[in-house]
Amino acid sequence: MIVVAGEALIDLVPQGTGALATLQPALGGGPFNTAVALGRLGSPTAFCSRTSRDAFGEALLDRLRETGVDVSPVQRGTEPTTLAVATIDADGSAAYSFYVDGTADRLFAAPAGLPAGTRAVSFGTCSLVLEPGASAYEELMRTSAARGLFTALDPNVRPGLIPDADAYRARFKSWLPSVALLKLSEEDARWLGGSPREWLSAGPAAVVITHGGEGLTAYASDGAEYSVPGEKVEVVDTIGAGDTVNAALLHGLSARDALSPAALAGLGRDGWERLLRFAARAAAITCSRAGAEPPYASELGEL
């Protein structure tokens, strides 16, 4: 079982240009997208979050259930669902503004336990910024690592939500001793500062950086680096591409029985390059579709 911990929200995606373009609601949130992608790939997956009892919250849980994701760890509340208003650039890149005050997901409380058979827990995005839930997710990250579970982190930085950048960067560094796999976009890496080697020295067994359409690079704890090019595709938008990479990495590691720091260290060039190519292929399919629509295992071929 892979548990994905973090927010589920509604993306409002413009269907035209200008400030008053029609907005189409779409199910989203980085952790939510990761859970859906894992479910579509066939990994046993559970979602750990807090969602609203409103119509949006019900729709989010329905999508998870349809994908085979266990939603029993999800807490519920009467507060509204978080909204994210997306802006799509000419190249398909997405930027967001958020409506988060008083929403259900930020009132998440650390659970007493996780589903039986949990081997890995994935964290990231808004859930690690918005208090008081951020501290609860941080607590879950530290306790999971202390229990020997494989922990994955994708900060997926949203600067507009971060009131004190220096405080967040310091907090990010404090998470690293509890992280086995750190995945970041090139943009996140620049914003956070530091380097893969610095981050590896603080705790993670591996760091993976995505370079948009140019591909991915993995940095291993033994000093090795492995890179693969991106898959060429007609980009509709990039919504959910990074979340798909998260899911593909975790799914691939689980399939290889490699959800441990020691196993990561033993992947070698062939193992890493196969895993990265699989993630690049999955992300390319997501980019070829409108919104966060990650691929099914049947669309990807051999891992």
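Me: What makes T217 count as buried?
Reply: Look at its relative accessibility: 6%. Buried means under 20%, so T217 counts as buried. Keep in mind that this is a predicted model.

Me: Where is the place of T217?
Reply: T217 sits in strand β13, residues 216–220. Its contacts include V207, V208, I209 and H211. Y226 and S227 are also among them. That list leaves out residues up to four places away in sequence.

Me: What makes the pairing of the T217 and S227 side chains a polar contact?
Reply: The distance is 2.8 Å. The cut-off for a pair of N or O atoms is within 3.5 Å. The side chains of T217 and S227 therefore make a polar contact.

Me: How do you know that C48 is in no disulfide?
Reply: The structure holds zero disulfides. For C48, the nearest cysteine sulfur belongs to C126 and is 16 Å away.

Me: Are C48 and C287 buried or exposed?
Reply: C48 has a relative accessible area of 0%, and C287 has a relative accessibility of 11%. The limit for buried is under 20%, so C48 is buried and C287 counts as buried.

Me: Which residues have the most contacts inside the largest nonpolar core?
Reply: They are F47, L64, F150, L253, W272 and L276, in a core of 53 residues. Helix α9 (residues 268–287) gives the largest share, nine residues. L253 touches F150, among others, not counting residues up to four places away in sequence. A second, separate core has 39 residues, including F123 and C126.

Me: Why do the buried residues of α4 line one face of the helix?
Reply: The buried residues of α4 (residues 165–175) are Y168, F172 and W175. Seen down the helix axis, they fall within an arc of 60 degrees, so they line one face. D166 and K173 are exposed on the other side of α4. The buried residues pack against several elements, including α3 (133–146) and β10 (150–154).

Me: What caps the N-terminal end of α4?
Reply: D164 does. One of its side-chain oxygens lies 3.2 Å from the backbone nitrogen of D166.

Me: What makes A5 buried?
Reply: A5 has a relative accessible area of 1%. That is under 20%, so A5 is buried. A5 lies in strand β1, residues 2–5. Its contacts include C48, F123 and L140, not counting residues up to four places away in sequence. A5 and L140 are 135 residues apart along the chain, yet their C-alpha atoms are separated by 8.8 Å.

Me: Which peptide bond is cis?
Reply: The one that joins E131 and P132. Its omega is about 5 degrees. P132 lies in the loop between β9 (120–124) and α3. Most peptide bonds are trans.

Me: What is the phi of T125?
Reply: Its phi is about 65 degrees, a positive value, although T125 is not a glycine. Most residues other than glycine have a negative phi. T125 is in the loop between β9 and α3. N156 also has a positive phi, near 45 degrees. N156 is in the loop between β10 and α4.

How values were computed:
Residues are numbered from 1 along each chain as its sequence is written. This is a predicted model: local features need pLDDT of at least 70, side-chain atom pairs count only at pLDDT 80 or more; totals for chains, interfaces and linings use all residues. Side-chain values use heavy atoms; hydrogens and water are left out. A disulfide is a pair of cysteine sulfur atoms within 2.5 Å. Buried means under 20% relative accessible area, exposed over 50%, partly exposed in between (1.4 Å probe, protein chains only). A nonpolar core is a set of buried Ala, Val, Leu, Ile, Met, Phe, Trp, Tyr and Cys residues joined through side-chain atoms within 4.5 Å. Helices (H or I, at least four residues) and strands (E, at least two) are DSSP runs, numbered from the N terminus. Contact means heavy atoms within 4.5 Å. The arc is that of the directions from the helix axis to the C-beta atoms. A polar contact is a pair of N or O atoms within 3.5 Å; within protein, one must be able to donate a hydrogen and the other to accept it, and residues adjacent in sequence count only if both atoms are side-chain atoms.
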